[in-house]
Amino acid sequence: MIVLVDMDDVMADTSEYLYETLMVRYPNVLEFKVPRKKFDIKDEYSFGNLLKVESVLYSLDFQSSIPPVKGSLDAVREIHKRGHDVVFCSTPHKYYETSVLQKYQWLENHLGKPFDRKLILTEDKTLIRGDLLIDDKPEINGLRFPSWEHILFATSYNFHVDSRRRLYHWLDWKNVLSEL
Ligand SMILES: [Mg+2]
């Protein structure tokens, strides 16, 4: 099978690392102390706080410094070992200058070969063919009807979606994705 895997908040623990960094830099901002309810940060924060979030998220070394989600590295190695093709499928941030190179660096630093070139960057994941797409985004729309089944990687901002298979954490992937 071809297993497409999103990066932010599926492989890389982006939101958690973002909030840890924000708490240190802006300890008195209440909006940063509660779990996010919206996928898109511009829907979540007031304008002033959004600028603070963006100043961290789009800084030059942020993306490549994000720790992996617990169990993610072992899971993709094992899925690959079982004979499946793992391809990372990610959307570049608003400022691609601080996310394209860094996403490749992240894969090289944490996984190395044969995963470090298996990255597709696209704003429209429906254009990419595969059997499964593991992604935290609540709704994934685009130009095509998807060829893959969307497996929802659970986060605080996608609990309202109940129409998809849900992966609560990587430690449970063998039970949820029993076809692999
Ligand atoms: Mg994501």
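Predicted model: local features only at pLDDT ≥ 70, side-chain atom pairs only at ≥ 80, totals over all residues.
Residues are numbered from 1 along each chain as its sequence is written.

**Overall fold**

- The chain has 7 helices and 6 strands, where helices (H or I, at least four residues) and strands (E, at least two) are DSSP runs numbered from the N terminus.
- Read along the sequence, these elements follow the pattern β-α-α-α-α-α-β-α-β-β-β-β-α, and the C-alpha trace spans about 50 × 35 × 30 Å along its principal axes.
- Buried residues make up 28% of the 180 residues; a residue is buried if 20 or more other C-beta atoms lie within 10 Å of its own, exposed if 12 or fewer, and partly exposed in between, with C-beta atoms placed from the backbone.
- Of the contacts between residues at least 6 apart in sequence, 60% join residues at least 24 apart, a contact being a pair whose C-beta atoms, placed from the backbone, lie within 7 Å.

**The sheet**

- An open sheet of 6 strands is arranged in the order β3-β2-β1-β4-β5-β6 with parallel pairing, and two strands pair if DSSP finds at least two bridges between them.
- Strands β3 (119–121) and β6 (166–167) stand at the edges with a single partner strand each, so one side of each is left without a neighbour in the sheet.
- Helix α6 (residues 100–110) packs on the sheet, touching β2 and β3, and its direction makes about 160° with that of β3; axes are lines fitted to C-alpha atoms, for helices over the stretch in contact, and angles run from 0 to 180 degrees between N-to-C directions.
- Strand β1 (residues 2–5) pairs with β2 (residues 85–90) in the parallel sense over 4 bridges, with Val-86 as the β2 bridge partner of Val-3 and Val-87 as that of Leu-4.
- Strand β1 is also joined by 3 bridges to the parallel strand β4 (residues 132–135), where Val-3 stands opposite Leu-132 and Val-5 opposite Ile-134.
- Strand β4 is in turn joined by 4 bridges to β5 (residues 149–153), again running parallel, and Glu-149 is the β5 bridge partner of Leu-132.
- From β4, Leu-132 and Ile-134 point one way while Leu-133 and Asp-135 point the other way, and all are buried.

**Helices α1 and α3**

- The axes of α1 (residues 14–25) and α3 (residues 47–57) come within 10 Å and cross at roughly 115°.
- In this contact Leu-18, Thr-21, Leu-22 and Arg-25 of α1 meet Lys-52, Val-53, Val-56 and Leu-57 of α3.
- By class, the contact has 5 nonpolar, 1 polar and 2 charged residues, where Ala, Val, Leu, Ile, Met, Phe, Trp, Tyr, Cys and Pro count as nonpolar, Asp, Glu, Lys and Arg as charged, and the others, Gly among them, as polar.

**Asp-116**

- Asp-116 is found in the loop between α6 and β3, and counts as partly exposed because it has 16 C-beta neighbours inside 10 Å.
- Leaving aside neighbours within four places in sequence, Asp-116 is in contact with Tyr-104, Leu-107, Glu-108 and Leu-111.
- Asp-116 and Asp-136 are 20 residues apart in sequence and 21 Å apart in space, C-alpha to C-alpha.

Note on methods. Contact = placed C-beta atoms within 7 Å.
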